[in-house]
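This briefing describes strand pairing, packing and charged contacts in the structure shown below.

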Amino acid sequence: MVGHINLLKLCVGADSVEDLTDWQESQRHRWPKGCAVHVTRMWPKREAEVLAGGSLYWVIKGVILARQRIVGLEKVDGADGVQRCALVLDAEVIRTEAAARRPFQGWRYLDPAESPRDLPKGRAREDALPPSLAQALAEIGLR
């Protein structure tokens, strides 16, 4: 049996989880029902593990704050003729504990053991710690 792996991606242009959900809501008419789509340049080499229960964790302003389950991967052609990977996501955005991350390009694999826990359903939001404090806690192993 294949275990799963998550993906980690910067949510460029968003200042909050609400920015992400508002943008996805405005694009909902373009995507399959119940899904959101995010197109990225590279196809995951660990495709089977991603599709075995992985999620896309969103880094917003230097802090992981949310995730969406990955329900599929699709090939799409960009306007420039380059083939890309569409991450097909469950439309539900699940808020997570805040976890600081340094900037990076593209996406990265995120081991489930290193992934922040989901917030309880009753908590609509959890304010992020100041980035410097969140980073300091992450560096000493406290998320």
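The side chain of arginine 67 makes a polar contact of 2.7 Å with the side chain of aspartate 118, where a polar contact is a pair of N or O atoms within 3.5 Å, one able to donate a hydrogen and the other to accept it within protein, with residues adjacent in sequence counting only if both atoms are side-chain atoms. The model is a predicted one, in which local features need pLDDT of at least 70 and side-chain atom pairs count only at pLDDT 80 or more, while totals for chains, interfaces and linings use all residues. Residues are numbered from 1 along each chain as its sequence is written, and side-chain values use heavy atoms, with hydrogens and water left out.

**Arginine 67**
- Arginine 67 is found in strand β4, strands being DSSP runs of E with at least two residues and helices runs of H or I with at least four, numbered from the N terminus.
- Arginine 67 is buried at a relative accessible area of 13%; buried means under 20%, exposed over 50% and partly exposed in between, with a 1.4 Å probe and protein chains only.
- A further polar contact of 2.7 Å links the side chain of arginine 67 to that of serine 55.
- Leaving aside residues up to four places away in sequence, arginine 67 touches, among others, Leu56, Tyr57, Trp58, Glu92 and Thr96, contact meaning heavy atoms within 4.5 Å.

**Strand pairing around β4**
- Strand β4 (residues 63–77) pairs in the antiparallel sense with β3 (residues 55–60) over six bridges, and two strands count as paired if DSSP finds at least two bridges between them.
- β3 and β4 form a hairpin with two residues between them, and lysine 61 in the turn has a positive phi of about 55°.
- β4 also pairs in the antiparallel sense with β5 (residues 83–90) over seven bridges, and with β6 (residues 94–100) over four bridges.
- The hairpin of β4 and β5 has five residues between the strands, including glycine 81, whose phi is positive at about 85°.

- In α1, Val17, Leu20, Gln24 and Gln27 are buried, and they lie on the same side of α1 because they cover an arc of only 95° around the axis, as given by the directions from the helix axis to the C-beta atoms.
- Asp22 and Glu25 are exposed on the other side of α1, whereas its buried residues pack against β2, β3, β4 and β6.

**Salt bridges**
- The whole structure holds eight salt bridges, each a side-chain nitrogen of Lys or Arg within 4 Å of a carboxyl oxygen of Asp or Glu.
- One of them joins aspartate 15 and lysine 61 at 3.2 Å, N to O; aspartate 15 lies in the loop between β1 and α1 and lysine 61 in the loop between β3 and β4, so the pair ties together parts that are 46 residues apart in sequence.
- Aspartate 15 is exposed at 53% relative accessibility, and lysine 61 is exposed at 56%.
- Arginine 46 forms a salt bridge with glutamate 49, their closest N and O atoms being 2.8 Å apart.
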